[in-house]
Amino acid sequence: MGYGCAMSRNQYNPHEVMSRFIPRNHIGLGNMRTAGYYDKLSEWCMARFEWEGLPESIDVRFVEKQLYYGGLVVLYWDGRYDDWVMAAASPSGPLDLYGNATSYTTYAPPPYVSLQLPKEECVAVWGTNSRRGIADQMLDFAARLGDVTTTLEILTKNLRVTKIITCPEGQKQTYANLLRDWDQGAPVIFGYPELNYDQVISTLDMQIQPAYLEQTRKEWQHLWREALTFMGITSVDETKKERLVADEASSRDGQVIAARNSFNKPRQQAVEEMNRKFGLDVSVKWAFDENVIPDLTYKAETNARENGKAGLNV
C-alpha cells in the first residue's frame, strides 16, 4: 500500500462537466432549463440501484454519485480509519493481459491522503462496461431537452394573436377599456357609432401552424424516452393511441434490458469479488417496486412463451 497525493481539479468538483458547458457568470433561461433537466436526470441515474450488506461506514449515495461522474470506486480496508472505505479512484500502474489495471490510486478532498493500492488489496467497482462516467451523456440529453422546451415556449407564445389598435389619441382609453372588458369576459360591451372597429382594430399574427406545436411536443417526448431508455428505465409512449405491436414493443424492451445490463453487470461482478476476496455479504439490485414495475426480462420471456413474441407496452 503506497501513498500519493495526485488529484485533478475534476476530482475535487464532479460538477466540472456543467461548468465546461455553461460559462462562468453567464446563465440564461435556456441554460437554467438545461441545468434543471441535468439535475433531474442525474438524480434518477443515482437512484437506480440498491446496495445491501455494505459496511455501515460506506455512504451508498457517494458510491453511486462517483460511479455516475467518474465511473470508478474501490473498496479496501483502511488501517488509518480501522474500517472499510469505498473511495473514488483512477487506474494506475501497468495493465495486465486483458487491459485491467494492476493498481489504483484513491483520492478524496483533504485531509484525506491518497493511496496507491495493488489490485490484491482492493476491489474495483466500475459504473459501466465501458469504464467511463455517464455525466456527459446526461448533459447532452439535458441540453437537447432544454432546447426543445425553449422552442415549445416560443411556439406557444407565437400562437397568440396580438391586437393592434390604430386610433386617435383621444380614443386610446376607450379602446383600452373595450379590450379589458373583452379579456375579462364581459357578456355585453357598449360602444357608440363613432367607434369604427373594423378599421381601427387589426391583428399581429406570427403565422405559426398549430401542427408545429404538436410535432415539437412529440420530439420532446421522443428525447425524454431516449434518455430513460439509455438509463435502463421503462417509459410509456404517450403519443401512441393503441397498444404497441409486439415487434415494436419487443425492440423497446430489448434496449431497456441491454441498458440495464450494461450498468448492472459491472456492479454484480464487483459484488462477487468483494464477497469472495473479503468474506463480505454484499448484494446489489435494480431499484424498483416489483409490485408496480414489472421485471422486463421475466415478462418478455413469459410473453414469448405464451404468444410466440415478446411485447410490452413500455
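Select helix α5 (residues 135-158) and helix α8 (residues 210-231): they pack at an angle of about 165 degrees, with their axes 10 Å apart. Axes are lines fitted to C-alpha atoms, for helices over the stretch in contact, and angles run from 0 to 180 degrees between N-to-C directions. Angles over 145 degrees count as roughly antiparallel, so α5 and α8 are roughly antiparallel to each other. Now show the side chains. Residues in contact (heavy atoms within 4.5 Å) include Phe141, Leu145 and Leu152 of α5 and Trp220, Leu223 and Phe230 of α8.

This is a predicted model, in which local features need pLDDT of at least 70 and side-chain atom pairs count only at pLDDT 80 or more, while totals for chains, interfaces and linings use all residues. Residues are numbered from 1 along each chain as its sequence is written, and side-chain values use heavy atoms, with hydrogens and water left out.

Next, select strand β2 (residues 49-52). Phe49 and Trp51 are on its covered face, Glu50 and Glu52 on the uncovered one. In a regular strand the side chains alternate between the two faces of the sheet. Trp51 stands opposite Val284 in β10.

Last, select Met274 in helix α9 (residues 246-278). Met274 is buried, with a relative accessible area of 0%; buried means under 20%, with a 1.4 Å probe and protein chains only. Among the residues that Met274 touches are Trp51, Leu75 and Val125. Met274 and Val125 are 149 residues apart in sequence and 9.6 Å apart in space, C-alpha to C-alpha.

Terms used: Helices (H or I, at least four residues) and strands (E, at least two) are DSSP runs, numbered from the N terminus. Angles under 35 degrees count as roughly parallel, over 145 as roughly antiparallel, 65 to 115 as roughly perpendicular and the rest as oblique. Buried means under 20% relative accessible area, exposed over 50%, partly exposed in between (1.4 Å probe, protein chains only). Two strands pair if DSSP finds at least two bridges between them. Lists of a residue's contacts leave out its neighbours within four places in sequence.
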